[in-house]
Amino acid sequence: MKRSLAAGLFALFASYAAAEEAAWAPSTFTLSNGMDVVVLPDHRAPVVTHMVWYKVGAADEAPGKSGIAHLFEHVMFQETKNLGPGEFDKIVSRSGGQNNAFTSWDYTAYFERVHKAQLGTMMGLEAERMVNLVINDDPKGPFISERDVVKEERRQRIENNPGAILQEKALSALWKGHPYEITVIGKMEEVAALTPQDGLDFYTEYYSPANAILVVAGDVTPDEVRALAEEHYGAIPASGAEHGPRKWQSVAPLTETVLLTHADPKVRQPNWSRYYLGVSQRRQPDDALALDVGLEVLGGGMTSRLYQSLVEQQQLAISASTFAWTTLHDEGPAVISASPAPGVTLETLEAAVMAEVEKVLAEGFAEAEVIRARNKLAADAIYGRDSQSGMAETFGAWLALGGKVEDILGYPDAVRAVTPEEALAAVRAVFAPEKHYIEAHLLPAEGDL
Amino acid sequence: MHAAKILLCAAALSALTGCSTIKGWFVGTPQPPAAEALLTSPDKPELAVIVHDGEFAQIQQFVTPGGVSVWLVSEPSIPILAVQMAWKGGTASDPAGLEGLGEVVTYNMNEGAGDLDSLGFQTAMEDLNMDFSCGAGGEWTSCSISTLTENAAGAMSLVASAFAAPRFDEGPFERFLREKEVGLNTRETNPNYLAWRATAKALYPEHPFARELSSESLGALTPDLARQHMRALVTKDRLLVTAVGAVTPEELAPLIDEVAAGLPQTSTLAPIPPIDLTGVAATEAVIDLPQPQSLVRFIGPGIGRDNPDFFPAFVLNYTLGGGGFESRLVQTLRVQKGLTYGISTSIDPGPTLKTWSGGGQTKNESAGEFIAGIKAELAKFVESGVTEQELADAKAYLTGSYPLGFDSNAKIANQMMGVRQENLGVDYFDRRNALVSAVTLEDVNRVSKTYLDPARYSFFVVGQPQGIEAPVTP
């Protein structure tokens, strides 16, 4: 359903594109009002993906206003000076287009997918709501009903789901004191108190061409996009809006180990996980690449050390894996998790999982498994090129974090250059015995099993 | 229905030595693989390729020297190849009491073959940067392969070994059972599963579509049964192949023949009888689940593709609940009332089970209002149909957005497989928008009156809803 939440929880694991032929090489340029533009040619079908990324997300929210970035994203579909309520969606749909938007801690993105002949119309719509949004303060108006919709969205995504409730708590504990501490959708009581004025203030502060990135992927040439972008976005004056620097900051290491448990009658299968503080591709690019390779070996798939030991050989678990969330601007979690086989306690499972982790860290990786892991990550980048919208998202997200196109193009070579020693060192650094962590136990309610 | 199955088994008893429950389903005798090799002549006549140069895809149709029918779109711009395979016959063909058999077959297809055990097979796939996996649906069994074109030969050889010499080792077989044992527990608090089960038990309790895994059926599965069942599900004569990628027909044909070489030529699966929902009284039920929201599912009789009202219904569904923010259900229940994050409807043309259904979630306190709202919207369609503008909007979106389904190799391979499975013809993509455009206001309003009467719809609510008077199932 439209207007969703990107990376609200573990939703967005970006894969990067491979640079193989110049034919699909992206072009970049900047309009005179400061709006950056990226063009990703893909001539397989007469279709384009048109995205506008704003460099604002939930991490930028003022204290007590959690959820405004996401609620505001919903409000962007309501009404503008020249478009009545619902007219934005109606025009996109009548043009044979699909549209949507999503909000992360780091960015907010809006997109339309249409036949290439409709690209100019889509740009006109996005340009209109970049400058002419109307926020209705009628208590029965759309701001208030969207607030109710977001509350239903929160219930649907988080409160209905014991695993999501526990994950929200674990991430908040990991990011305590950091702008990522509150989940993107916000706290229920703070969302309920957001006002139309909050929306207007947010709009004025952050929505401007200089704070936006245009990404167009599909059956277009850079020249065509440049002409249309000049026509529709170039006319918007450079922003008068002022806002301070992003609130990004390095995440402080945990100072204590915390055990969180969540018991719920809906839980019929326990789960064990540990959240360590990891690294991010923006802040520690080399370490992040090495960590992704190392965790692929340790717990990436069926051939990984943890799966083979815990699931296949000891048969103590039905799943066991590791994963690092490295695509946020600031450091994200590196997680070890496992779910027990029937009759196995979490204590037994934990001891076995950590024994295997320690064994691998002590003995190191074999070169062959590291080569497989890095080739897999590099190949994923080639497979990723099959999705036009996926490519637009990969480039938009990375540029919104302040990254460069060249980083994405260089990814396959960079990941293939990771050595077994680097991969092992990156994993050791994150899971070192002296590191604190958040341990999360998802349990059935008392007397339920 | 149950009796018919017994009869089939009895018939098979005379044809096969020792009829296990499983063999009852295969009246035909599978041919040994050795016989297949003879069909693949080493002399290669020129491949006859029929090219359909359509608006959305240039489809190359050919039959491989080994006799497999393939639809291929050659797409050179990315060095990858996607191959899809499908066979009519799925989990509904699991013998009663052996639910899970089709699933355990497909689960094991990438879990070891020939000299490679599970880890060996998975490692080989990683070495080739390829993926191969299979799945079992109600009426179809399918497999998909994706590979870099530079590794295509190695990838297809590995898949060939899975079809020719699957191992069904005890390790992965027992792992499947452990996973499913956990699944039997977790499904009991899964709202979508609970809604599905309530639907099946209320509307078609005796049909194979209503059967599900149980600890008893899992306990009855054996690797031998799986081996036999694989030879019935996955045969050469029912194999449909679609492919998109940086290959030519001449390059692909021998790879497909290698893959299919180990399959038996044919088998016979008992046909699945259709379900007629029009003869079933609508009902309402609440399934108790402690959570803040209620999941509401509603379902009524649908329309098959062979019915002239199919396209009118397809177009009408956009205005009802298929068109996102342009649909009346979203406009009323989300935009105007703020009762839900999402509500949608869809039509499933079957063929076995034809439905028109929908669903959404709302907080427990507003469940009664939500359901009343759905019924009121359905009733409005019956009373006054849709407007000329709504019909025009639906057609504009449905025709205008059609190219969006053809912008990736994976989507094109899927679309072609859908056309092949439903037997719509190689020119279907080119005809489809005209079929949508031909729908008239009279058509959709006739279909509204017939199909959207709220009395035709059963409602299943999972949660702890308020404001509903329906029997509660614990």
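This is a predicted model: local features need pLDDT of at least 70, side-chain atom pairs count only at pLDDT 80 or more; totals for chains, interfaces and linings use all residues.
**Exercise 1. Describe the confidence along chain A and find a stretch where pLDDT stays under 50.**

Solution. Start with the average, which is a pLDDT of 92 for chain A, with 93% of the residues scoring at least 70. The stretch to find is residues 1–22 of chain A, where pLDDT stays under 50. For this stretch the model has 59 contacts beyond four places in sequence.

**Exercise 2. Carry out the description of Exercise 1 for chain B.**

Solution. Count the elements: chain B has 17 helices and 13 strands. A compact globule of 474 residues would have a radius of gyration near 23 Å, and the 24 Å of chain B agrees with this. The C-alpha trace of chain B spans about 65 × 50 × 40 Å along its principal axes. Of its 474 residues, 48% count as buried. In chain B, 80% of the contacts between residues at least 6 apart in sequence join residues at least 24 apart.

**Exercise 3. Divide chain B into domains and characterise the side of domain 1 of chain B that touches domain 2 of chain B.**

Solution. The domain assignment gives domain 1 (32–41 + 48–260) and domain 2 (277–473) of chain B. Their centres, taken over C-alpha atoms, are 30 Å apart. The contact takes 31 residues from domain 1 of chain B and 30 residues from domain 2 of chain B. On the domain 1 side, the elements that each supply at least two residues are strands S2 (58–63), S3 (69–74), S4 and S7 (240–245) and helix H7 (191–203) of chain B. H7(B) gives the most, with 7 residues. By class, this side has 20 nonpolar, 8 polar and 3 charged residues.

**Exercise 4. Characterise the side of chain B that touches chain A.**

Solution. Chain B puts 54 residues into the contact and chain A 48 residues. Among the elements of chain B that each supply at least two residues are helix H4 (118–127), S6 and helix H12 (328–336). H6(B) gives the most to this side, with 8 residues. The class count here is 17 nonpolar, 24 polar and 13 charged.

**Exercise 5. Decide whether B:Ala200 is buried, partly exposed or exposed, and list what B:Ala200 is in contact with.**

Solution. First locate B:Ala200, which is in helix H7 of chain B. B:Ala200 has 17 C-beta neighbours inside 10 Å and so counts as partly exposed; buried would need 20 or more. Leaving aside neighbours within four places in sequence, B:Ala200 is in contact with B:Pro205, B:Phe209 and B:Ala210.

**Exercise 6. Name the buried residues of helix H9 of chain B and elements that cover them.**

Solution. In H9 (residues 223–233) of chain B, the buried residues are B:Leu225, B:Ala226, B:Gln228, B:His229, B:Met230, B:Ala232 and B:Leu233. Their cover includes strand S4 (80–88), helix H3 (101–107) and strand S6 (140–148) of chain B.

Notes: Residues are numbered from 1 along each chain as its sequence is written. Chains are lettered from A and ligands numbered from 1 in the order in which they are written. A residue is buried if 20 or more other C-beta atoms lie within 10 Å of its own, exposed if 12 or fewer, and partly exposed in between; C-beta atoms are placed from the backbone. Helices (H or I, at least four residues) and strands (E, at least two) are DSSP runs, numbered from the N terminus. Two residues are in contact if their C-beta atoms, placed from the backbone, lie within 7 Å. pLDDT is the predictor's confidence in each residue, from 0 to 100. Domain bounds come from an automatic or database domain assignment. Ala, Val, Leu, Ile, Met, Phe, Trp, Tyr, Cys and Pro count as nonpolar, Asp, Glu, Lys and Arg as charged, and the others, Gly among them, as polar. The radius of gyration is taken over C-alpha atoms; the globule rule is 2.2 Å times the number of residues to the power 0.38.
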